Every structure is written in structure tokens, then in C-alpha cells.
Amino acid sequence: KRATTRARRLPATITMTLLLRPALFIITAALTSAAAVEESPPPQREEQYKILPSPDLLNRLLYLSTTYPNFCTLTTTQEWFGLPRAGEDGDCPFDELYAASQKSAQGDDEKTSAASGKGCNNYVLIIQDKEAYPNDPDVQLDVNFQTSSQQQQQEGWKFVPDVFLSGSVHGNERVGPTSLVEMSELLLESAACESLPRMKFQPSDSNDNDDDASGQDTTNDAVKFTQEQWEQELSTAQTCRQSLTTNKGIPSPLRQWLARLVTTRRTIIIPTANALGYSRNKREEGSIDPNRDFPFDIEQYHESECMQTIAGRSINELWRSHLFQIGLTFHGGMEVIGYEWGAPTYLNLDAPDALAQDQIAHAYSRYSNGFPGHVPYDFGTMNDKVYYVRGGMEDWAFAGSWDPDRVVQCTPTTYGGYPPEKTVYNNSTLRAFNMLIETSDKKEPLREDLGSRHDPLISTNGRENGHVARNIRLALLAMDVVEPYVSIRGVEELMFEDDVIPTMNLKRSPTSYYDDAKLVWVPGGDKKSSMRKITWTVGGAMTIDGTEIVYGLWDDLPTQLAESTSGLYPSMETRNVIDTKFQVVQPSNVEGGTSGGRSRWHADGAYPAEPEGGDTYEQIYNYDPVFKALIDTGKMPPGTAIAVFARAKVDKDWATSAANVGPAGLGPASHIVNARTNPSYFASNAGKVIHGREYSWWYSDPITVLVGDAKEAEGWDINDPTASGLTHFSLSSNARGVVTAVHVNAR
Ligand SMILES: [Zn+2]
């Protein structure tokens with residue numbers, strides 16, 4: 001079957017692959033001087049951050065949406081939800097820029113008439129992998145993306161976790177919007193670069209085998225680059241990597257991390273929910289405080305005093321149409337991270353999820369760090385560290401779905417009213433960790449305290465850190481911890497050059513995971529025991545309670561590893577095969593008789609970590625824990641195809657209820673805790689779904705280890721590997737330098 005097919009054409013595959021695949025990642029001076037790459041250099045930005053006023057924010061958002069159309073969508077809550085605009089004729093004149101851009105993009109007066117008018121637009125930037133999930137309803141906001149009807153659910157968009165980031169509910173608190181726009185630029189530039197080269201465009205005459213190409217729609221197969229275009233693509237892929245490293249301080253491991261955050265999450269950014277207040281540099285929207293405008297724990301008979309603002313309604317509509325698990329709401333006037341409770345009913349009580357909130361807030365504080373004159377953020381409950389409010393957005397987003405006694409139906413009279421059913425919520429919509437970030441004592445800090453673009457992802461307490469610099473990192477961490485992930489990073493001494501590849505969604509493959517997952521050749525056929533090292537990592541979590549490798553024959557697995565109807569990965573059928581036919585191997589580099597460790601976000605640091613003093617590029621910039629295990633590929637006949645998965649259980653301590661909990665007797669209520677600790681958990685809103693995990697396991701994508709005949713390696717000159725075209729390989733550590741692993745389908 002599959003293994004036979006693979007084995008029969010393997011020598012040719014390897015030879016062709018190794019000879020024809022350019023050495024993309026060996027960056028040399030000669031390769032970076034290609035002229036065409038300079039056609040669209042990224043804009044020069046001043047090294048020191050500065051607070052962007054409303055027109056500059058819009059310019060930056062327009063730049064992002066036109067430069068990275070595959071990874072973001074810019075819209076307004078007016079176009080999306082039909083909301084009115086706050087403000088008068090003279091407010092937000094710069095919105096005309098947006099209307100003009102919409103008109104030139106769509107050429108349709110009727111559709112673009114919603115793009116401007118009296119008052120202020122409320123902009124929303126959606127960051128997601130639109131090519132990987134074309135049927136996602138948010139992607140469909142972009143008229144240039146078409147649904148491919150036969151794969152509506154199969155691609156799995158409904159399981160992509162939602163992240164909510166709000167820059168400015170109070171218009172005179174200025175750090176948040178700039179932080180989020182600067183963060184977006186780093187994310188999008190990294191994801192776009194990481195998506196290159198797009199193997200689906202590789203000309204077929206340099207393609208080793210048609211069915212070996214890349215997990216893309218069959219509908220795209222007809223479109224191939226010319227050889228010249230393909231060389232341009234490869235050149236751009238090199239140049240953007242080098243530019244990110246040298247100009248942006250984002251070397252490969254960090255670029256891969258940002259690309260993962262883009263392609264495996266759906267992040268909804270509302271830079272200035274209070275667009276009117278931000279443009280006027282005023283706290284309120286008109287005369288109303290939007291952060292007292294939410295229907296949670298407000299006083300009796302005050303139903304007409306919520307959802308009065310367009311800021312509040314914009315946020316309400318975004319939450320009604322998503323399933324947010326984590327959020328941030330940036331404010332200013334002090335320096336603290338606040339979580340629940342922040343409402344008078346629960347004064348002096350802990351939220352049922354307090355332990356998880358405390359761990360995450362502590363991680364936010366560490367990663368964002370301090371700088372001269374500013375310590376790392378203090379953190380704690382809003383009741384303790386800030387003050388309680390009635391009608392606050394934070395507690396509403398955390399508890400509105402499960403604490404109905406605190407929620408009222410709003411009946412405002414502003415802007416022609418707002419339907420009361422818009423403040424009725426199902427059991428899932430409002431269960432997020434939506435933390436308050438009080439960025440800075442000064443609501444608009446001095447520019448010298450904002451920080452610089454130097455090494456933006458490195459936590460530091462030096463002068464290069466600052467209010468904008470540290471909140472870029474804090475928001476990236478929120479995107480990371482929304483969902484755990486496990487990733488196999490290498491075989492033997494071969495470390496994969498790719499982690500997640502943007503625009504590739506293995507569930508959408510016309511072939512199967514087998515053809516598209518990373519394929520590694522290892523020598524075999526010597527009938528002896530032969531141990532091969534597998535290396536993997538775990539992220540999106542704090543404590544790794546257990547992690548292990550499971551491996552077995554591809555021939556035992558179903559063709560598609562995800563549910564064919566929903567795209568849920570791995571499918572029940574796949575899990576059954578793993579449970580009954582696969583072998584389990586514990587990590588070999590963990591001490592103390594456990595199989596667990598700690599993520600890079602844990603208060604005690606990553607474990608197991610690479611040995612101190614490692615000085616390779618990867619070791620310096622890779623902070624994740626590194627687990628290692630050995631699988632035995634000896635005694636397997638050449639041609640055997642092994643599927644290898646890593647899996648992990650994380651953060652079970654989060655299920656521990658706080659001591660002094662309110663409401664009394666309640667266990668954790670949030671999505672983020674239940675998704676990890678409660679296997680029977682199910683939540684759903686607006687078509688999106690959160691599932692608890694069977695036995696609490698989170699699975700990596702598989703890799704394939706293909707046992708080859710050691711003779712296949714005989715033609716390779718291991719004294720000059722690149723001359724044999726070996727660009728993605730490892731040698732044994734003994735003096736003979738035997739090839740021990742080759743990444744056959746590397747880009
Ligand atoms: Zn505020």
C-alpha cells in the first residue's frame with residue numbers, strides 16, 4: 001500500500017530531492033543580492049517606538065491589510081455589524097482614507113457606503129491564516145476569498161482558538177493601540193515570510209513527484225510558477241528571513257513562533273474600541289465611560305445604563321460572534337495586571353479559576369519585564385490591586401455566561417436603542433480570561449519610556465524595554481497560552497527547519513497526512529536493534545504534567561487523521577489505533593521518575609532545557625523545553641513507514657479550586673482551564689467549538705520516519721555533503737560520518 005509505493009520510488013525521490021532542492025537555509029552573501037527582492041522593502045521605522053495618533057494608526061492598519069492580505073482582514077464594526085458611529089461631523093476626518101481604500105479594492109459603491117459617514121469608524125484587525133481556513137466566517141468578510149464548498153467543516157476552522165485584544169476602551173490611555181499595531185506588524189511579517197517558499201507553486205519540471213508536493217488544494221495544482229518566478233520565490237524567502245534576523249531582531253526560532261501564533265489562532269484586535277475618545281484624547285466616548293457600560297453587576301433598575309456606547313456595542317458584537325478563550329484590555333494610569341474579581345459582589349473572594357489566572361498573570365509580568373524606573377508589573381485581583389467597578393468589561397467577559405444573576409438585559413436609548421436580546425448570552429460566550437493591563441502610571445508616557453525595536457521578543461530590563469516594547473511581548477504571550485501545542489522538532493541530530501508552515505493545513509490536503517507531514521529517511525535493513533532519537537517540545541502551557549512519543553505503522557492508521565466531517569484532530573478512529581496498536585516511549589532526559597517538565601513560561605523556567613553554554617544559533621534563541629526519546633527502528637524491513645506523534649498533558653493543577661471562592665462551591669468555569677483539565681468539556685458559540693481532550697492528551701502533527709536501506713546512502717559523499725545535495729541531514733557522531741537521518745521533503 002502506501003509504504004510500498006513510497007519504498008519503490010524512494011531512491012529516486014531522495015536523489016531528485018537532494019539534487020534539485022536549493023540550499024534555501026544556507027544563507028550566503030551571494031544569495032542575498034538578488035535585485036528583484038528590493039522591489040518592496042519593508043518601510044523604515046524609527047528605532048524608538050512612539051505613540052501613534054488615530055490617523056497614523058489607520059495608516060498602519062491599512063498598510064498591514066494590503067501588504068499581508070492572506071493573514072489579516074481590516075474591517076469596521078459598522079460594516080460588520082451595522083453599528084452606528086459615535087461622534088459628530090468634524091470627528092475622525094481621516095476615516096475617508098479607509099473609505100477610499102475600500103472603494104478601490106471593491107469598486108462597489110453600495111458595499112463601500114458603510115465604510116464612512118458622520119463620526120468615527122471602529123476598526124477591527126483580524127489576524128488568521130486565511131489560506132489554511134478559507135471557510136472561516138471571518139475570512140469570508142474579505143470578498144476576495146471564496147468558499148470551497150466541499151470542505152466547509154473538514155478544514156477544522158471551528159476549532160481554531162479565539163483571542164481578543166482591546167487597545168483602548170478609555171481614549172486618553174494611549175499605550176495599548178500602538179503596542180497592538182506594532183505587535184501585528186511583527187506577527188504578519190513573520191508569518192508571510194515563513195509561508196515562503198510556497199511549494200504548491202513549484203514548477204512541475206523540478207518537482208520530484210506529483211503526489212509528493214504539498215498538501216494544497218487540488219484546485220491550485222494547475223497554477224505553477226515559471227522557473228524564473230520560482231527562483232524569485234526562493235530568493236524572497238531567503239531575503240525576508242535575513243531581514244527579520246538582522247533588521248528586526250527576529251531569528252529563525254522566533255520567526256517560527258510568531259508564524260505559529262498567526263496560523264494556529266484567530267486573533268481579533270480592536271485597537272481603539274473607543275475610537276471617538278482616542279481621536280479626541282478623551283477618556284469617555286462622548287460623555288459615557290465605556291468600561292461601565294457592560295451588563296455585569298450593575299445596580300438594580302439601571303438596565304438603561306448599559307450598552308450605551310458604540311465602544312461597548314462593538315465589543316459585545318465581537319464576543320457574540322466568536323468564542324474567546326483569552327483576552328487583554330489595555331488601560332493606563334497605573335502599572336498592574338488585574339484579573340477577577342473586579343466587581344463589588346465578590347469583594348474579598350477568589351474567582352474559581354484564580355490559580356490559573358495567577359500563573360498566567362505572573363508569566364505576563366516576567367516576560368514583559370521592567371526597565372529603569374519601572375519594575376515588572378505587579379499582578380493580582382482587580383478588587384485588591386485596582387478597584388472594583390460595576391459594568392466592567394473584564395468580569396463580564398469572564399462570568400457573563402455562568403453567573404446569570406449578575407447579568408441584565410440592557411435597554412439603552414442612545415443611538416436609537418439596542419435590542420435587549422443582544423445582551424442575552426448562551427452558556428459559552430462569556431467564559432474568558434480577559435485581563436486588565438494597566439500599562440503605565442502616565443496615561444500617555446514620554447517617548448523615551450516606550451522602548452525600542454531592538455530584539456523585540458527578548459525579555460529584558462534594560463533601556464531598550466519600555467511601555468510599548470513590553471506590552472508587545474505580553475500580548476504575544478496571551479496568544480501563546482490560549483491553547484497548548486506539541487511539536488516534533490527533530491530526528492537524530494537533524495533539527496527541522498520548519499515548525500508550522502503558514503497556508504498549509506494538513507486537513508485540507510487532497511492526499512493525506514502521510515504525504516504531507518515531515519518525512520525523514522533513516523538507514524535500516526541491518527536486522528539489529530537501531531535506536532533513533534526523536535526531539536520535541538511543548539508550548540502554550542505552564543506545567544507539562546506528562547509527555548511522550550507514540551509510534552506505529554502508517555498502514556494501521558486511517559488515510560485522514562482528522563474527523564472527515566468536522567476536522568477535529570486527531571479523530572476518534574486515529575486515537576483508537578494509537579491506543580491499541582502504537583508503542584509508547586517516555587522521554588529519556590527527564591529526572592525524578594516523571595515524564596513531565598515545564599514550559600518556557602513557567603515561573604521556574606523551561607525544563608528539560610538544552611545544556612547550559614550551548615552556543616549554536618538555535619540554542620541561543622530557543623527557550624522551549626526539549627524532550628528526547630529513542631524509538632527502535634531496527635528489525636523493520638526497508639520501506640517500513642512509521643508514524644510518530646508526540647503528546648502532552650498540561651496544567652492539571654489549574655483544576656484546583658481557590659480556597660475562598662465566590663460564588664461558593666464553584667470549580668473552574670473558564671474555557672481555558674476546562675479545555676485542559678476536563679475531558680468531557682464542550683463549549684460552542686457562533687459555529688466555533690471547544691472540546692475537552694480524551695485523557696487530556698494534546699497531540700502534535702505526525703512525522704514520518706521511513707526506514708530505508710543503508711545502501712541508499714552509499715553514493716553520498718559525506719566529506720562534502722552539500723556537493724551531494726544533502727542540505728537537511730544529520731551524520732552519526734562517530735568518525736565514519738554515516739548519514740543517520742535525511743529530511744526528504746524539506747522546503
Ligand atoms: Zn482605563
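Close-up 1. R60 is buried, its relative accessible area being 9%, where buried stands for under 20% relative accessible area, exposed for over 50% and partly exposed for values in between, with a 1.4 Å probe and protein chains only. E185 likewise counts as buried, at 7% relative accessibility. The two side chains meet in a salt bridge at 3.2 Å, N to O, a term that requires a side-chain nitrogen of Lys or Arg within 4 Å of a carboxyl oxygen of Asp or Glu. This pair links distant parts of the chain, with R60 in helix α2 (residues 54-67) and E185 in helix α6 (residues 175-194), 125 residues apart; helices (H or I, at least four residues) and strands (E, at least two) are DSSP runs, numbered from the N terminus. The model is predicted, so that local features need pLDDT of at least 70 and side-chain atom pairs count only at pLDDT 80 or more, whereas totals for chains, interfaces and linings use all residues. Residues are numbered from 1 along each chain as its sequence is written, and side-chain values use heavy atoms, leaving out hydrogens and water.

**Close-up 2. The salt bridge between E548 and R647****.** The closest N and O atoms of E548 and R647 are 2.7 Å apart. The pair joins strand β13 (residues 543-553), which holds E548, to strand β17 (residues 641-650), which holds R647, across 99 residues. E548 is buried at 6% relative accessibility, and R647 is buried with a relative accessible area of 7%.

**Close-up 3. The salt bridge between D651 and R676****.** Here the closest N and O atoms lie 2.8 Å apart. D651 counts as buried at 0% relative accessibility, as does R676 at 2%.
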